[in-house]
Amino acid sequence: MVSLHPLIDSGLLEGDADHPGGTLYCQCANDPVEVTLSTNVAHNHACGCSKCWKPAGALFSVVGVVPRDKLAVTANEDKLFVVDPKAAIQRNACVDCGTHMFGRIEVEHPFKGLDFVHVELSPQDGWQEPQFAAFVSSIIEQGFDPAHIGEVREKLHAVGLDTYDCLSPPLMDLIAAYTAKKSGALK
């Protein structure tokens, strides 16, 4: 089977709940973009959507979130560009190597205030391990043979990840509560 993701293929390494954060680097050999996180990620998960950055050959990205005020671009910010200015998540990527360094939401959205990051871009260990797999069936939309999607789900389950074709139930509940409050249905 092809690689799900390097952080998943050989089993999950448990993270450190007290991990203080660290630094992410793009894949440029010279003058890499550097992003510093002053906290651990939350809701780290495998994502099969077509928008998230994935390592070469991987079917899934691994993406977590940090509060916006816990992320700082600390080197070569001038190399960043927004991949799709119309998308809700403004994915900031390196113009030279294409690596997505962080995604930021600027519009009204349930996750506004959280930045999306890929901890495999950090040399530090101890980041929260993936907690679940989201948008699993979306890999089919990207050309994966649907006859083998069961094998993908089995492999994800074998390493301890529940699989969803949306986000995890707690995150879907947060979105629903946000929507209900915005509409006035929930006080």
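Which side chains meet in a salt bridge at 3.2 Å, N to O? The side chains of arginine 68 and glutamate 106 do, where a salt bridge is a side-chain nitrogen of Lys or Arg within 4 Å of a carboxyl oxygen of Asp or Glu. Arginine 68 sits in the loop between strand E4 (61–67) and E5, while glutamate 106 sits in the loop between E8 and E9, so the pair ties together parts that are 38 residues apart in sequence. (Helices, H or I with at least four residues, and strands, E with at least two, are DSSP runs numbered from the N terminus.) Arginine 68 counts as partly exposed at 30% relative accessibility, and glutamate 106 is partly exposed too, at 42%. Here "buried" means under 20% relative accessible area, "exposed" over 50% and "partly exposed" in between, with a 1.4 Å probe and protein chains only.

A word on where all this comes from: the model is predicted, so local features need pLDDT of at least 70 and side-chain atom pairs count only at pLDDT 80 or more, while totals for chains, interfaces and linings use all residues. Residues are numbered from 1 along each chain as its sequence is written, and side-chain values use heavy atoms, with hydrogens and water left out.

Back to the charged pairs. Side chains of opposite charge can pair when their charged atoms come close. The structure holds seven salt bridges. One of them links aspartate 9 with lysine 155, with 3.6 Å between the closest N and O atoms. Aspartate 9 belongs to the segment before E1 and lysine 155 to helix H2, so this pair ties together parts that are 146 residues apart in sequence. Aspartate 9 is partly exposed at 26% relative accessibility, and lysine 155 is partly exposed with a relative accessible area of 25%. Helix H2 (residues 149–158) also contains alanine 158. That alanine 158 is exposed, at 65% relative accessible area. Although 147 residues separate alanine 158 from glycine 11 in sequence, the two are 8.4 Å apart in space, C-alpha to C-alpha.

Aspartate 165 is in the loop between E11 and helix H3 (169–183) and arginine 153 is in helix H2, so parts 12 residues apart in sequence are tied together. Aspartate 165 is partly exposed, at 42% relative accessible area.

Now for the sheets. Eight strands form an open sheet in the order E6-E7-E8-E9-E4-E3-E10-E11, with mixed pairing; two strands pair if DSSP finds at least two bridges between them. At the edges are strand E6 (80–82) and strand E11 (162–163), each pairing on one side only. Within this sheet, E7 and E8 run antiparallel and are joined by five bridges, with alanine 93 standing opposite histidine 100 in E8. The hairpin of E7 and E8 has five residues between the strands, and glycine 98 there takes a positive phi near 85°. Valine 95 is found in this loop, between strand E7 (89–94) and strand E8 (100–105), and is exposed at 53% relative accessible area.

On its other pairing, E8 meets strand E9 (residues 114–117) in the antiparallel sense over two bridges. Glycine 103 has phenylalanine 116 in E9 as its bridge partner, and arginine 104 stands opposite aspartate 115 in E9. E8 is mostly covered, with six of its six residues buried.

A second open sheet has three strands in the order E1-E2-E5, with antiparallel pairing. Strand E1 (22–25) and strand E5 (71–75) are the edges, each with a single partner strand, so one side of each has no neighbour in the sheet. Four bridges join E1 to strand E2 (residues 34–37), and tyrosine 25 has glutamate 34 in E2 as its bridge partner.

Last come the cysteines. A disulfide is a pair of cysteine sulfur atoms within 2.5 Å, and by this rule the count is zero. Cysteine 47 has its closest cysteine sulfur in cysteine 49, at 3.6 Å, which is too far for a bond. Cysteine 47 is buried, at 3% relative accessible area. For cysteine 166, the nearest cysteine sulfur is that of cysteine 47, 11 Å away. Cysteine 166 is partly exposed, at 30% relative accessible area.
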